[in-house]
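Hi everyone, thanks for making time for this one. I'd like to walk you through a structure, so please have it up on your screens.

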Amino acid sequence: MLAHAIFFYIFSLIAIVSAIMVTVSKNTVHSVFFLILDFISISCLFIMIGAEFLGMIMLIIYVGAVAVLFLFVVMMLNVAQQKNQWFSARESSKHIPVGLIISTIIFFELIIVIGGWKYKPDLVSSMSLNIDSSISNTHAIGYVLYTDYIHIFQLSGMILLVAMIGAIVLTFRQRSGVKRQSYFSQISRERSDGVELIDVPSNKGVKSDD
Amino acid sequence: MEYLSIIFSETYKILFLLVPVLISVAMIVWLDRRIWAFVQKRQGPNVVGPFGLLQSLADALKYMFKEVIIPSSSNKVIFILAPIVTMTLALISWAVIPFSATQVLADINVGILYLFAVSSLGVYGIIMGGWASNSKYPFLGAIRSAAQMVSYEVSIGVIIINVLLCVGSLNLNDIVMAQESLWFVIPLFPMFVIFFISALAETNRPPFDLPEAEAELVAGYQTEYSGMMYAMFWLGEYANILLMCAMGSVLFLGGWLSPIDLFPFNVIPGAIWLILKILFLFILFALVKAIVPRYRYDQLMRLGWKIFLPLSLTWVVLTASFLFYFNLLPTN
């Protein structure tokens with residue numbers, strides 16, 4: 001148990017410190033790297049409570065794909081210099097009320113959830129499923145995801161699809177005058193389309209069409 | 001005391017795994033250059049040691065004694081971290097590779113997901129190196145490799161789903177045992193081909209080595225690196241290639257199983273069969289490097305998103321329908 005506790009405190013300490021560093025570090029790219037560290041230590045915590053499937057999926061989706069795209073965007077936009085201007089500018093203070101409201105809402109939500117869990121445990125346990133603890137949690141998720149929660153699961157897939165189509169529509173523009181490579185016409189080209197054999201009479205030359 | 005003994009025995013096991021892996025990485029570099037040379041009718045490295053076997057050792061020594069230059073405008077911490085991350089990620093994934101039914105360092109439930117997760121983290125070494133160098137060519141190389149590796153990971157993930165449908169478990173030993181009667185390379189042959197090509201792209205091997213295309217980007221993300229740090233990138237890259245070969249042989253070629261279950265073959269230990277399969281796949285990797293010209297970047301993206309992804313997704317539907325119709329779905 002002791003080793004377990006030590007590892008728990010190490011990972012949670014790294015998670016909290018890196019979460020703080022995400023918001024305080026001056027360089028935006030550093031913020032993203034701290035975010036990645038945060039994701040990794042949280043997935044370690046998931047693995048420690050025995051939810052190895054969730055932990056791995058968290059690594060694959062958030063660290064392997066989402067954070068790469070974050071990093072991609074942050075590096076391309078070069079936000080590092082802009083952020084310093086935001087901090088020094090006077091009008092930045094008008095963002096503060098909005099931020100305060102959002103953080104208060106999140107804080108109270110956390111109080112409600114954690115308080116309910118602490119003082120009225122039957123509230124939470126009435127929602128949970130009776131899962132056979134002898135099967136691995138990959139199987140356990142599989143048994144409920146496609147049976148009891150199929151509609152919610154499909155709905156969340158639909159929302160992602162709509163978001164994806166929206167992003168494509170927003171950035172898609174048809175430019176005129178762009179030459180595209182058509183693989184089909186390239187491959188289906190015959191010898192007779194491209195090459196012509198001409199007998200050139202001597203001292204006459206030949207007149208080309210173009 | 002109890003913890004100490006656990007730590008000692010585990011460290012012993014880890015060293016017993018890592019030292020052979022590192023030595024074989026050095027040997028595989030020699031093999032790669034040798035095959036490359038033979039295809040082009042050259043000799044390749046043949047001077048140091050018998051058949052030039054010690055060439056990589058000599059190279060490593062040379063890198064060790066070279067000066068490590070850190071560009072003054074670079075982001076120093078991330079610049080130094082990048083090769084370390086590449087190397088570490090390439091080595092930690094070997095923990096789950098099964099060398100026989102019992103010879104595996106960590107026999108975890110979600111072994112294949114772990115392999116996939118670690119290989120998808122591999123892109124960070126490259127992005128960090130490219131960005132921290134604060135120079136144009138490394139940055140372009142890093143951006144290219146980020147897009148390329150994310151694209152090809154998608155098709156590798158879908159191919160893994162294909163195999164998992166036939167196995168019904170995420171454990172690597174279960175995946176190997178499920179191939180006892182028939183290796184998955186036979187029923188899932190198109191997926192094996194796509195996996196092989198995606199593995200080439202995932203490890204930035206030719207013909208998909210655009211992140212380090214020497215004709216346009218000098219050396220891509222490695223341009224500013226020198227000495228031992230360059231060598232670490234290099235080692236990490238080859239360890240990743242070996243790992244992809246190991247993953248291919250576990251998923252499709254039956255891992256440590258012998259090809260025929262007859263007397264002279266089934267007494268040979270499983271580790272040797274696995275090594276032979278990894279070597280076979282690596283020789284294919286090296287041959288591809290020697291024969292195929294480099295892809296153009298838009299063609300690479302088209303291949304990943306417009307051909308491999310629809311094809312592997314269709315194959316998932318086909319496999320699932322086939323297994324369901326003939327009532328072959330694994331139950332456990």
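Some ground rules before we look. This is a predicted model, in which local features need pLDDT of at least 70 and side-chain atom pairs count only at pLDDT 80 or more, while totals for chains, interfaces and linings use all residues. Residues are numbered from 1 along each chain as its sequence is written, chains are lettered from A and ligands numbered from 1 in the order in which they are written, and side-chain values use heavy atoms, with hydrogens and water left out.

Let's begin with chain A. It has 10 helices and 0 strands, where helices (H or I, at least four residues) and strands (E, at least two) are DSSP runs numbered from the N terminus. Of its 210 residues, 19% count as buried, and buried means under 20% relative accessible area, with exposed over 50% and partly exposed in between (1.4 Å probe, protein chains only). Chain A exposes about 17,000 Å², with carbon and sulfur atoms supplying 69% of that area; these areas come from the Shrake-Rupley method with a 1.4 Å probe, and for residues only the protein chains shown count as cover.

Now for empty space. Rolling a probe the size of a water molecule over the atoms shows where empty space is left. On a 1 Å grid over the protein atoms alone, a cavity is a set of points where a 1.4 Å probe fits but cannot get out, and a pocket is an open set with protein on both sides within 12 Å along at least five of seven lines; lining residues have an atom within 4 Å of a point. Grid points are joined across faces, edges and corners, and a volume is the space filled by probe spheres set on the points.

The second largest pocket holds about 1,500 Å³. Which residues lie nearest its centre? They are A:Phe11, A:Ile40, A:Cys44, B:Ile92 and B:Tyr114, out of a lining of 41 residues. Helix 2 of chain A gives the largest share of that lining, 10 residues. By class, the lining divides into 34 nonpolar, 5 polar and 2 charged. Here Ala, Val, Leu, Ile, Met, Phe, Trp, Tyr, Cys and Pro count as nonpolar, Asp, Glu, Lys and Arg as charged, and the others, Gly among them, as polar.

The whole structure has 2 cavities of 30 Å³ or more. The largest has about 100 Å³ of space, and helix 10 of chain B gives the most to its lining, with 4 residues. That lining has 4 nonpolar, 6 polar and 2 charged residues. The second largest cavity has about 60 Å³, and its lining includes B:Val118 and B:Met244.

Finally, is B:Asn173 buried or exposed? B:Asn173 counts as buried because its relative accessibility is 7%. B:Asn173 sits in helix 7 of chain B (residues 172–177). Beyond its neighbours within four places in sequence, B:Asn173 is in contact (heavy atoms within 4.5 Å) with residues including B:Pro98, B:Asp107 and B:Trp256.
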